[in-house]
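Subject: Structure handover

Hi,

Here is the structure I promised to pass on. Could you load it and read my notes alongside?

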Amino acid sequence: MRHQLLAAAGVLLMCSGWARAAPVDSVITEQFTRLRTYVERGSAALQTRTSSAAPFPVTQGKAYKFEKVAEGVYYATGGVGSNNVVIVNDQDILLVDDGTTPATARALVEDIKLLTDKPVRTVVNTHFHYDHTFGNQVFGPEVEIIGHEYLRNAMLNFDVLHREPYLTSMGTVSTRIAGLQKQIADEKDVSRKASLSKELAAAESVREQLKEVKVTAPGRTYTTKLILHKGRREIQLLFLGRGHTGGDTFVYLPQERIVCTGDMDEGARVAYMGDGVFDEWIASLDALKKLDFQLVLPGHGVPFRDKAVITAFQSYLSDITSQVAALRKQGVSPEDAAKRVDLTSHKKDFPDIQGPGAEPRGVRRIYQWMDEREKR
Ligand SMILES: [Zn+2]
């Protein structure tokens, strides 16, 4: 599973915008390198930047690592796709998101048995992107899957297997496989060849896992707020406005003062922007900051406590939007704008920024969003 993980880098990281323009091949290489570093170093660098928390107690499963962040609340990392939150209630479990493949969701459910023998009864999808929802199908009718009404509509009607962000990720896995096959053929060193072959097998495994995906939308939806009472635990699902997509949910535990942000805020990582609604995104994050919480559990990255981390992302969003607007006004194409924007002044908050440029799908989306606004 660990090797599958490394191989799954393209899949795992697609929901976060990479922070500089680069040719596709180098982007893919960079993604794999970043994931390897992330897995092997336990994301230590990002942890120091975003988390002032003492390390949480850890339970290590076969595939997932669980950090106990509060009584019965675990932050689960190490699968294929999003990070997940496991909320163990008096009678049952609520999961926040379930990863990119049915296999990773099954591995999560299996590893959860190390924490409790209570059954999973509820899954909340924070937003419709594949890396948060494609595990949905492994749950039977006894499990209620809940998402914002926009999310259900998106999963049913957006043809999510043939659109971004999934499309590029599938292409990335295939490109990775082709690249590895070539590298293996050219490699003379026996041990290097063996390790490349392991990576190839893992990447092929992820490609196989993805073939099993049947897009499964939530059976229950809400529009602005849904409060669940699970035994003594109160769990609030909050829609605070559009942002990363048209229907993102914050999962808020008022008693524990914990909020799960999905990809609305990923701490020290710049989120994928291909479905962004940029002005509302900034406003929704303002609403988020008004909640009373002491810990944020993001859909990617690492937990953090400081609201200034959220402000830093708002500032990034506002900067990229105004830079792109200026370039668009000059008649620059989205592709060129993606190369020309310069967000390096945000590098202290987002260490992945290594030079000028931004993820092209996000910049294209800013153009499209501005076109839509002008038509209104
Ligand atoms: Zn996402």
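A bit of housekeeping before that. This is a predicted model, so local features need pLDDT of at least 70 and side-chain atom pairs count only at pLDDT 80 or more, while totals for chains, interfaces and linings use all residues. Residues are numbered from 1 along each chain as its sequence is written.

**The sheet**

Five strands make an open sheet with mixed pairing, in the order β9-β10-β11-β12-β13. Strands (E, at least two residues) and helices (H or I, at least four) are DSSP runs numbered from the N terminus, and two strands pair if DSSP finds at least two bridges between them. β9 (225-230) and β13 (295-298) are the edge strands; each has a single partner strand, so one side of each has no neighbour in the sheet. From one strand to the next, the twist averages 20°.

β9 runs antiparallel to β10 (residues 233-238), and six bridges join them. Among the bridge partners, Lys-230 goes with Arg-233 of β10 and Leu-226 with Leu-237. The two strands form a hairpin with two residues between them, and Gly-231 in the turn has a positive phi of about 60°. Of the six residues of β9, zero are buried, so the strand lies largely in the open. Buried here means 20 or more other C-beta atoms within 10 Å of the residue's own, with C-beta atoms placed from the backbone.

**The helices**

α10 (residues 278-290) and α11 (residues 307-329) have axes that come within 10 Å and cross at roughly 165°. Axes are lines fitted to C-alpha atoms over the stretch in contact, and angles run from 0 to 180 degrees between N-to-C directions. The pair is therefore roughly antiparallel, the label for angles over 145 degrees. Their contact includes Trp-281 and Leu-285 of α10 and Phe-313 and Leu-317 of α11; contact means C-beta atoms, placed from the backbone, within 7 Å. Its residues divide into eight nonpolar, three polar and two charged. Ala, Val, Leu, Ile, Met, Phe, Trp, Tyr, Cys and Pro count as nonpolar, Asp, Glu, Lys and Arg as charged, and the others, Gly among them, as polar.

α11 also packs on α13 (residues 360-375), at an angle of about 70° with the axes 10 Å apart. That makes α11 roughly perpendicular to α13, a label covering 65 to 115 degrees. Thr-321, Val-324, Ala-325 and Arg-328 of α11 meet Val-363, Ile-366, Tyr-367 and Met-370 of α13.

Cheers

Note on methods: A residue is buried if 20 or more other C-beta atoms lie within 10 Å of its own, exposed if 12 or fewer, and partly exposed in between; C-beta atoms are placed from the backbone. Angles under 35 degrees count as roughly parallel, over 145 as roughly antiparallel, 65 to 115 as roughly perpendicular and the rest as oblique. Two residues are in contact if their C-beta atoms, placed from the backbone, lie within 7 Å.
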